Amino acid sequence: MASIPLSIPAVDAVKKNLRQFYSDCKSSFLTESLAAALGFNTHAALLSEIEKQGRDPFYRLLNEDLFNNRLKKFEYEPVFDFNFEDVRTPDMIVTDCSHAYKFVYDTKRKLAWRNLIICAVNEALRRRLFSLRPGGNQWPGYDSEQRKAYLFDFELPCNLPARVAISDAGFDEISIHIAVNPKDEWVRAFNGDFRAGDAFAMTWLERQNGAWIQTNESSLRCRMRLLSLIADMAVEPLGYGDRGRVIM
């Protein structure tokens, strides 16, 4: 997949480049199908959300399945094997690591790790502590020289308290640590383990060659009583990929 910022210029640029593949498709069909690809029921709903974004809009994934399904409702047959990465625009971000196919979240432990990291990154993006753009670090007290961790607390969708530590890892990567039922500031530690809380996970967010989390499910430490609760959370990444190779 790919993602774009929720802005009029970014959406218009994608629609313009779509004409390479859909030259005979009605403009209104493309408009509504593109809104669907971004997760909106109508183009009007997309425009309403864009108005709320301001000068630093969030990124949103472009979903090919949603795009194709909306075109089919208009009785228009989608282009076979279409991918939004083929209509590259200046604001577009690639969200698929070339190694992504190697990682499958097929166990509760892997799902729990994924869900914790996505919740941490999503909340940091909502708070505008950083963006998916290279160099987009903007948390309070950010210093590129010291790389000191910034901590914040929030509540998971499963109603458990969590504490997150983010820091600049260099090469446009963000270090992400999260602890559930946190204890003091142990979430800062590289191997936080159960010292950090009843569950702990960590990884890095890639932003130089695209935007995705590096799959590091072996970092998960989780009390058995919490494993299913965390693994069963329904969470999706806000504009970035949810799997990729760890680069050391």
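Author: Helix axes are lines fitted to C-alpha atoms over the stretch in contact, and angles run from 0 to 180 degrees between N-to-C directions. The model discussed here is predicted.

Reader: At what angle do α5 and α7 pack, and how far apart are their axes?

Author: Two packed helices are described by the angle between their axes and the distance between the axes. Here α5 and α7 pack at about 65°, and 8 Å separates their axes. Angles of 65 to 115 degrees count as roughly perpendicular, so α5 is roughly perpendicular to α7. The crossing of α5 past α7 is left-handed.

Reader: Which residues in α5 and α7 meet?

Author: On the α5 side they are K108, R109, L111, A112, N115 and L116; on the α7 side, L227, S228, I230 and A231.

Reader: Next, the nonpolar cores. How many residues has the largest one, and which have the most contacts inside it?

Author: In soluble globular proteins, nonpolar side chains tend to be buried together. The largest core in this model has 43 residues, and F130, L156, I178 and I230 have the most contacts inside it. At least two residues come from each of α5 (108–126), β4 (150–155), β5 (161–170), β6 (173–180), β7 (199–206) and α7 (224–231). Of these, α5 gives the largest share, ten residues.

Reader: What does L156 touch?

Author: Leaving aside residues up to four places away in sequence, L156 touches L116, C119, A162, I178, V180 and M233. There is also a second, separate core of 26 residues, with V11, L18, I50 and L71 among them.

Reader: Is helix α2 mostly covered or mostly uncovered?

Author: Helix α2 spans residues 27–37 and is mostly covered, with eight of its eleven residues buried. These are F29, L30, T31, S33, L34, A35, A36 and A37. They pack against α1 (8–18), α3 (43–53), β2 and α4 (64–73). Just after α2, G39 has a positive phi of about 95°.

Reader: In what order do the three strands of the open sheet lie, and is the pairing parallel or antiparallel?

Author: Strands of a sheet pair through backbone hydrogen bonds, either parallel or antiparallel. In this open sheet the order is β2-β1-β3 and the pairing is antiparallel. The edge strands, β2 (59–62) and β3 (93–94), each pair on one side only.

Reader: How many bridges join β1 and β3?

Author: Two bridges join β1, residues 2–5, to β3 in the antiparallel sense. Opposite A2 stands V94 in β3.

Conventions:
Residues numbered from 1 in each chain as written. Predicted model: local features only at pLDDT ≥ 70, side-chain atom pairs only at ≥ 80, totals over all residues. Heavy atoms only, no water. Pairing = 2+ DSSP bridges. Helix = DSSP H or I, 4+ residues; strand = E, 2+ residues; numbered from the N terminus. Core = buried A, V, L, I, M, F, W, Y, C linked by side-chain atoms within 4.5 Å. Buried < 20%, exposed > 50% of the residue type's maximum accessible area, 1.4 Å probe, protein only. Contact = heavy atoms within 4.5 Å. Parallel < 35°, antiparallel > 145°, perpendicular 65-115°, else oblique. Left-handed = near helix turned anticlockwise from the far one by under 90°.
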